[in-house]
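Please look over the model below before reading the numbered points.

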Amino acid sequence: MYYNEGRLKMDFISTTPHTSEKVRESCINLFEKAIQHYELDPSGCINERNRCHINTAILLLDSETAIGRRRPLVSHDKNIARAEAQLEYIKRNLWHNVTKRIYCIYLQAKSDLTFRQHLYEIALRKANKALQIAAVHGFNCNVKGLEDRICLIQQRMKSQVKVVLPEIVASSSSTESSSFVTESSSSYESP
């Protein structure tokens, strides 16, 4: 019951780009209640249980819509930690029964998580792997969202380069440009 109501609300959220934080929290609460129900009675559908954890992570990361993925995350550190815990729970406790579709949306959620952590190369790898699985297995409903994620990640990677390039240009005009390359590459850390 909680899972189905949570899915209906999530479907509404995914079609409404500017959903309030209150509606999003209400949906997260429904999935968390469903998770509690499955813990009391583990005989329930394992796929629904996995989806509860994944959907909770996706909602916490505000990544169920293209607009949500582009806006800053509310309660950034808290939501990232909660989302990461949801995905780790699947890996630790439910991994033995993961289907290809669940694996695909798990990778999608992991991509969203690493994207929010500014680990864009990892996010891109996970999104590409999820897209490959979706394409091979005919999970057409996942393809558009994954393609959008990949474009957004690539844009963020390019914007990182644009931020670094002015520093390189300014520093390369110094007298020791060869020592700059060595020093800057060893001191630069991706966010």
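1. Cysteine 104 has 0% relative accessibility and therefore counts as buried, where buried means under 20% relative accessible area, exposed over 50%, and partly exposed in between (1.4 Å probe, protein chains only). Cysteine 45, at 39%, counts as partly exposed.

2. This is a predicted model, in which local features need pLDDT of at least 70 and side-chain atom pairs count only at pLDDT 80 or more, while totals for chains, interfaces and linings use all residues. Residues are numbered from 1 along each chain as its sequence is written, and side-chain values use heavy atoms, with hydrogens and water left out.

3. How many disulfides are there? With a disulfide taken as a pair of cysteine sulfur atoms within 2.5 Å, the count is zero. For cysteine 45, the nearest cysteine sulfur belongs to cysteine 52 and lies 9.5 Å away. For cysteine 104, the nearest is that of cysteine 141, at 8.3 Å.

4. The protein chain has nine helices and zero strands; both are DSSP runs numbered from the N terminus, helices being H or I with at least four residues and strands E with at least two. Of its 191 residues, 39% count as buried. Among contacts (heavy atoms within 4.5 Å) with a separation of 6 or more, 68% come from residues 24 or more positions apart.

5. A nonpolar core is a set of buried Ala, Val, Leu, Ile, Met, Phe, Trp, Tyr and Cys residues joined through side-chain atoms within 4.5 Å. The largest one here holds 28 residues, of which Phe31, Cys52, Ile54, Leu59 and Leu87 touch the most other members. At least two residues of this core come from each of helix H1 (2-15), helix H2 (21-40), helix H3 (46-60), helix H5 (76-94) and helix H6 (100-116). Apart from this core lies another, of 17 residues, including Phe115, Leu124, Ala127 and Ala134. In soluble globular proteins, nonpolar side chains tend to be buried together.

6. Which residues does leucine 59 contact, leaving aside neighbours within four places in sequence? They are Met10, Ile13, Arg24, Cys27, Ile28, Phe31 and Glu64.

7. Leucine 113 is located in helix H6. Is leucine 113 buried or exposed? Leucine 113 counts as buried because its relative accessibility is 1%. Not counting residues up to four places away in sequence, leucine 113 touches Leu61, Ile80, Ala83, Glu84 and Leu87. Leucine 113 and alanine 83 are 30 residues apart in sequence, and their C-alpha atoms are 7.3 Å apart in space.
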